[in-house]
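Here are a few notes to read alongside the model. Take them in order, with the structure open next to you.

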Amino acid sequence: MNPYLAGWRLGFLRTIRSPGDMSVRIGFFAIILVVMTALWTAAVDANGGSLHGYTRTSLLWYVFAAQTAVLGVRPRSVEEIGDEIGSGTVAVQMLRPVSVVGLRMSIDMGEACARLIASFTVGALLTWLFVGAPPSLPALGLTAPAVVLGCAANIASCHAFGGVAFWLLDAKASWFFFQKLVFLPGGMLIPLELLPRPLELISFALPFATMAYVPGRIAAGHPDPLLLLWQLGWLAVLLGMAGAVFAAGERRLQVMGG
Amino acid sequence: MIAIEARELRKTFPVRRGEPVEAVAGISFAVEAGERLAYIGPNGAGKSTSIKMLTGILHPTSGDAAVLGIVPWKKRRELAARIGTLFGQRSQLWYQLTPRQTFGLLGRIYRIPADEERRRLARLGELLDATQLFDQPVRGLSLGQRMRCELVASMLHAPEVLFLDEPTIGLDLVAKARFRDLIVRINEEQGTTILLTSHDVSDIEQVARRVIVINHGRLIYDDRVSVMRRALLGTKMLDVRFEQPPASVEVEGARLVKLSGAGAKLVVDTGRRPIRSVLDDLLDRYDVVDISVADPPLEEIVSHIYARPV
């Protein structure tokens, strides 16, 4: 087995062996869905039953998919990567004959896939229960790969943002910034079409939309394969960026003491 | 055959708004294949920085080095396939999983065929008496048990050189003794070159044949451990607790350095009188409740090295 595939498998196993952590996440996810159902129902009702073409049903399926994709990644991932660089843990990982960032991302992706399976299943059931069937069943089918690709783009970005710790010895500021980018221009809070026009245009030009908006848009009843291609394109760029940041960082690593 | 060679190796760390810190200040030495070398020094001496350069994690500010003929920082991944590392303060095992699952990942990383991996795990498990630990979650292992599994992880790909950075830190006395014995067995049975850093003097005496002492980033001593033992390890520290506070403690061959209530600290010159004889005398003449014997601290050895006539 390829070492990166073995890393993915290890991450997957590690997550399913921590059912407590997964249960807390799913519980939190269920609370978000309940709150969002109440909020968006009120907002859509106040706007005559539709918001920029999103009905109550499509909006809540959007929320389900966008949240599922983002919650697949560990919430403080960028900060943790920064801490591991600063503390010298990454230095020890460099003593393996494989790519440090490649192995880290494959392990993270294994963890994320375990979480995605659980949260996608539970989230879809709850959303169905709260607002009824999805606007399009083929769209729900296409949402699954979109959620996985969104998660992969998020993990690659986390490594690119966390990698600043090679220079700054810390990624707390970077994590704060990244979190906000996924939240708003990423479409985690609301669909990008609901943002003011200039912000909407900027958001569509950034990679963060592929992490939450694209899965949400597909789940809301737009099973457009071009959206997956858009994700794949940005994923390739983000993987390249994470690889470049780590390669440059490893060359200039400064770790004092044991 | 030379396994490790350092030539004028130097590492300076830049410090924001301050003078750069020179962690390693031009160190040169060579280690033969199959040697057991203790690379020691007080905290902050530059031991770990040296190891990080020799394993390719850090680029030196100047100087040169080769490990198994490879310049570490130029071909780090190529070298990583042929060396093993164990850092006492950094675990390479995943806490939520069993050691065997981590070994499985390491087997794939080092591209060890499955049959060969099973054979090596059985061999290492037997050698390190760790087979029964392989299927327990790492979070449930004691530090001593975990360190044995860490050593298996470091040895799984049959490295030619093993770098051990403070491997006995935090272990109790029994676990330390056992761990030292395991390192010696690995060296003798597999011919692995050992470079061990420690600030525990007992690690040096029981594991290494040769010792290099560094201080403030400079090499200050390089000789056989037997020579060092005669020249610099001629004393033992005794920490004694008596039933009643004695007025004084007088034992031939021992010098009282501190008397505080019922407790006393003595230094024994083992060249003048064997430690066993001093202990017998002490136990015969005084009502001793507790006693412990320790090596002199590394800082004392370093000051002895500086005090030697040139």
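**Notes on the model**

1. Chain B is assigned two domains, domain 1 (2-231) and domain 2 (234-294); such bounds come from an automatic or database domain assignment. The centres of domain 1 and domain 2 of chain B, taken over C-alpha atoms, are 36 Å apart.

2. Some ground rules. This is a predicted model, where local features need pLDDT of at least 70, side-chain atom pairs count only at pLDDT 80 or more, and totals for chains, interfaces and linings use all residues. Residues are numbered from 1 along each chain as its sequence is written, chains are lettered from A and ligands numbered from 1 in the order in which they are written, and side-chain values use heavy atoms, leaving out hydrogens and water.

3. Look next at the open sheet in chain B: three strands in the order 2-1-4, with antiparallel pairing. (Strands are DSSP E runs of at least two residues, helices are H or I runs of at least four, and both are numbered from the N terminus; two strands pair if DSSP finds at least two bridges between them.) Strand 2 (21-32) and strand 4 (62-67) of chain B are the edges, each pairing on one side only.

4. How many bridges join strand 1 and strand 2 of chain B? Strand 1 (residues 2-13) pairs with strand 2 over nine bridges, in the antiparallel sense. Thr12(B) has Glu22(B), in strand 2 of chain B, as its bridge partner.

5. Which residues touch the most other members of the largest nonpolar core? They are Ile4(B) and Phe29(B), in a core of 108 residues. (A nonpolar core is a set of buried Ala, Val, Leu, Ile, Met, Phe, Trp, Tyr and Cys residues joined through side-chain atoms within 4.5 Å; buried means under 20% relative accessible area, exposed over 50%, partly exposed in between, with a 1.4 Å probe and protein chains only.) Helix 7 (residues 137-162) of chain A gives the most to this core, 12 residues. A second, separate core of 43 residues includes Leu10(A) and Leu121(B).

6. Over in chain A, helix 6 (residues 100-131) has 32 residues and reaches 44 Å from first C-alpha to last, close to the expected 46 Å (1.5 Å times one less than its number of residues). In helix 6 of chain A, 24 of the 32 residues are buried, so it is largely enclosed by the rest of the structure. Gly132(A) follows helix 6 of chain A, with a positive phi near 90°.

7. Finally, Arg100(B) sits in helix 3 (residues 99-109) of chain B and is partly exposed, at 34% relative accessible area.
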